[in-house]
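Have a look at the model first, then read on.

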Amino acid sequence: MLKRNIPIEPVIKWSGSKRAVAVWLATLLPETERYFEPFVGSGAMLAFRPSQTAVAGDIIAELIELWQAIRDVPEVTANEYEARWHRLQKEGHTAYYAIRDSFNATRNPHDLLFLSRTCVNGLIRFNSNREFNNSLHHTRPGISPARLRTIIYQWNSVVQGVEFSAADYRETLASVRAGDLVFLDPPYGGTKGRYVPETFNLDDFYEELQRLNTIGAKWVLTFDRVAGHRAYKATIPAELFQAQLALPTGNSPFTKLMKTGIDKVVESVYLNFEPPAKLLNQVINLGQQKLRPRPCFDMQQSRLFD
Ligand SMILES: C[S@@+](CC[C@H](N)C(=O)[O-])C[C@H]1O[C@@H](n2cnc3c(N)ncnc32)[C@H](O)[C@@H]1O
């Protein structure tokens with residue numbers, strides 16, 4: 001059984017991470033025996049999943065390989081980062097761009113971890129040829145290898161019991177059955193194409209939600225509606241969900257990067273089940289508090305599970 005309300009530092013920096021609201025979202029997840037997360041990204045919700053047994057997927061194969069490495073070979077993962085980090089301190093920006101070229105040529109997951117921890121604002125961006133194209137964050141040295149090693153081992157503990165799958169979300173969800181819980185955090189309207197081009201079609205997605213409803217699986221979905229003056233018109237068809245809540249979020253990192261001013265992101269959470277009234281009060285109260293994730297991990301027990 002997993003303990004809740006214990007945020008830990010992210011191991012992978014990822015655009016669109018749910019880290020800032022993970023504690024809040026976790027209060028909405030009902031108990032289940034099997035948990036599915038088909039758009040896992042940096043896995044902010046994995047630390048809060050209500051069952052140890054889980055299936056997590058993403059369309060980016062290198063990201064999934066990195067998760068598998070964190071789960072299975074944490075020492076190697078930490079050493080690989082350490083070697084690249086020392087190279088960066090010694091050789092400067094040429095090392096970063098050599099590692100970026102290497103990643104684009106070989107898709108080495110350890111290169112991806114290094115890039116995610118040293119690129120500008122930790123923003124993962126691919127061009128239409130699937131090449132990683134963000135630059136070095138010149139004014140920061142990147143997280144120290146010793147600190148990242150500790151975080152890697154924390155996440156190694158968190159993801160035991162998680163089966164990772166490099167696949168389209170529909171494939172990851174193919175084995176869902178009645179009573180399973182699915183957490184969905186699909187690519188935003190405003191970030192479409194930043195991860196990989198043309199991998200997400202809304203009509204197909206709605207069809208999948210309908211399929212999950214028919215099966216009798218529960219789902220919790222985060223979806224954004226408005227970022228400042230730019231309204232992402234997509235609204236979830238009313239017949240698909242039972243409840244909708246406003247997600248307490250901050251500013252859009254994407255708008256910030258594009259220097260078009262900082263827009264307020266208004267995001268919704270949709271559920272295909274009615275949350276109990278007691279739970280709703282808890283969710284609303286937590287939403288009114290300032291949500292600021294703190295690194296916190298039970299170092300004595302050195303694990304997250306009861
Ligand atoms: C908003 S991010 C998820 C962020 C995640 N919740 C976190 O906390 O880091 C959306 C993810 O969906 C993935 N993705 C995009 N299209 C997909 C598809 N068709 N099937 C599976 N994953 C997809 C992207 O690679 C990206 O990691």
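Let's start with α2, which has twelve residues and reaches 16 Å from its first C-alpha to its last, close to the 16 Å expected at 1.5 Å a residue. Please keep in mind that this is a predicted model.

**Helix α2**
- Buried residues in α2 are E62, L63, I64, L66, W67, A69, I70 and R71.
- These buried residues pack against the strands β2 (54-58) and β3 (162-166), and against α3, α4, α5 and α6.

**Helix α3**
- With 18 residues, α3 reaches 26 Å between its first and last C-alpha, close to the 26 Å expected at 1.5 Å a residue.
- P74, T77, A78, Y81, R84, W85 and L88 are the buried residues of α3.
- Viewed down the axis of α3, these buried residues fall within an arc of 135 degrees, so they line one face of the helix.
- The partners of the buried α3 residues are α2 (61-72), α4, α5 (109-118) and α6 (145-158).
- G92 follows α3 and has a positive phi, near 75 degrees.

**Where α3 meets α4**
- The axes of α3 (residues 74-91) and α4 (residues 93-106) come within 6 Å and cross at roughly 140 degrees.
- That angle makes α3 oblique to α4.
- On the α3 side, the contact is made by R84, R87, L88 and E91, while α4 contributes H93, T94, A95, Y96, A98 and I99.
- Sorted by class, this contact has five nonpolar, two polar and three charged residues.

Definitions and conventions
Residues are numbered from 1 along each chain as its sequence is written. This is a predicted model: local features need pLDDT of at least 70, side-chain atom pairs count only at pLDDT 80 or more; totals for chains, interfaces and linings use all residues. Side-chain values use heavy atoms; hydrogens and water are left out. Axes are lines fitted to C-alpha atoms, for helices over the stretch in contact, and angles run from 0 to 180 degrees between N-to-C directions. Helices (H or I, at least four residues) and strands (E, at least two) are DSSP runs, numbered from the N terminus. Angles under 35 degrees count as roughly parallel, over 145 as roughly antiparallel, 65 to 115 as roughly perpendicular and the rest as oblique. Contact means heavy atoms within 4.5 Å. Ala, Val, Leu, Ile, Met, Phe, Trp, Tyr, Cys and Pro count as nonpolar, Asp, Glu, Lys and Arg as charged, and the others, Gly among them, as polar. The expected span of a helix is 1.5 Å times one less than its number of residues. Buried means under 20% relative accessible area, exposed over 50%, partly exposed in between (1.4 Å probe, protein chains only). The arc is that of the directions from the helix axis to the C-beta atoms.
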